[in-house]
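This report concerns the model shown below.

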Amino acid sequence: MSSGRFAIATHALALLAQSDESCASDALSASINTNPAFLRRILARLSQAGLIEAREGRSGGYRLARPAKTIRLSEVYAAVEPDGAIAPSPCEPNARCPIGSGIQRAFDEVAEAANAGLLRGLAQKTVADIALRAQHLGRPAPAPVKAG
């Protein structure tokens, strides 16, 4: 089941990729249109993974820990979705059943292969790639206002 954390984290990183200065979580959450407290939990995971740096205080905020072109989307995904895309069943199968006794191990093999494929695909793109693509697909920036 998808949590949406990866999409939110990618959005925040793409925003940070466009700024040379620190960006406050309120500004990031305004663009993402999400709860700032929820976003801060995601940003904490990105910080723990070494993808962003956080500074507290009045002039604090977040910034990328390294250039956007070196941050692979697979790293972002691993930081915010450590359990992968496919979760095991919450049920405890009947160990006396011929299927139930082996289903967890069989399913784990399938989930591991699927998650590995997902990470391989995400490793092909960087934060810089997605930021550039988002700008291309988004609204054009407003033209500067000329003085009268």
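In this predicted model, S74 counts as buried because its relative accessibility is 14%, under the 20% cut-off for that class. The residue belongs to helix α4, which spans residues 73-80. Leaving aside residues up to four places away in sequence, S74 is in contact with L119, L122 and A123.

α4 is mostly covered, with six of its eight residues buried: L73, S74, V76, Y77, A79 and V80. These buried residues pack against α1 (5-17), α3, α5 and α6 (127-137).

**Salt bridges**

Side chains of opposite charge can pair when their charged atoms come close. Three salt bridges are found in the whole structure, as listed here.

| Side-chain pair | Distance, N to O |
|---|---|
| R5 and E81 | 2.9 Å |
| E53 and R63 | 2.9 Å |
| E75 and R66 | 2.6 Å |

R5 is partly exposed, at 23% relative accessibility, whereas E81 is buried, at 10%.

The salt bridge between E53 and R63 ties together parts that are 10 residues apart in sequence, because E53 lies in strand β1 and R63 in strand β2. Both partners fall in the partly exposed class, with relative accessibilities of 34% for E53 and 38% for R63.

In the remaining pair, E75 is partly exposed at 29% relative accessibility, and R66 is partly exposed at 28%.

The largest pocket has a volume of about 160 Å³. Its lining consists of A24, S25, R40, A54, R55, E56, G57, G60, G61 and Y62. Strands β1 (52-55) and β2 (61-64) are the elements that contribute two or more residues to this lining.

**Surface and backbone features**

A nonpolar surface patch is formed by I99, I103 and F107, which together have about 270 Å² of accessible area. Of these, F107 lies in helix α5 (residues 103-122) and is partly exposed, with a relative accessible area of 32%.

Most residues other than glycine have a negative phi. N33, which is not a glycine, has a positive phi of about 65 degrees. This residue is located in the loop between α2 (25-32) and α3 (36-48). N33 is exposed, with a relative accessible area of 71%.

Conventions
Residues numbered from 1 in each chain as written. Predicted model: local features only at pLDDT ≥ 70, side-chain atom pairs only at ≥ 80, totals over all residues. Heavy atoms only, no water. Patch = residues over 30% accessible without salt bridge, like charges linked within 9 Å, V, L, I, M, F, W, Y side chains within 5 Å. Areas by Shrake-Rupley, 256 points an atom, 1.4 Å probe, with all protein chains shown as cover. Salt bridge = Lys/Arg side-chain N within 4 Å of Asp/Glu carboxyl O. Helix = DSSP H or I, 4+ residues; strand = E, 2+ residues; numbered from the N terminus. Buried < 20%, exposed > 50% of the residue type's maximum accessible area, 1.4 Å probe, protein only. Contact = heavy atoms within 4.5 Å. 1 Å grid on protein atoms, 1.4 Å probe; cavity = no way out; pocket = protein on both sides within 12 Å on 5 of 7 lines; lining within 4 Å. Points joined across faces, edges and corners; volume = space filled by probe spheres on them.
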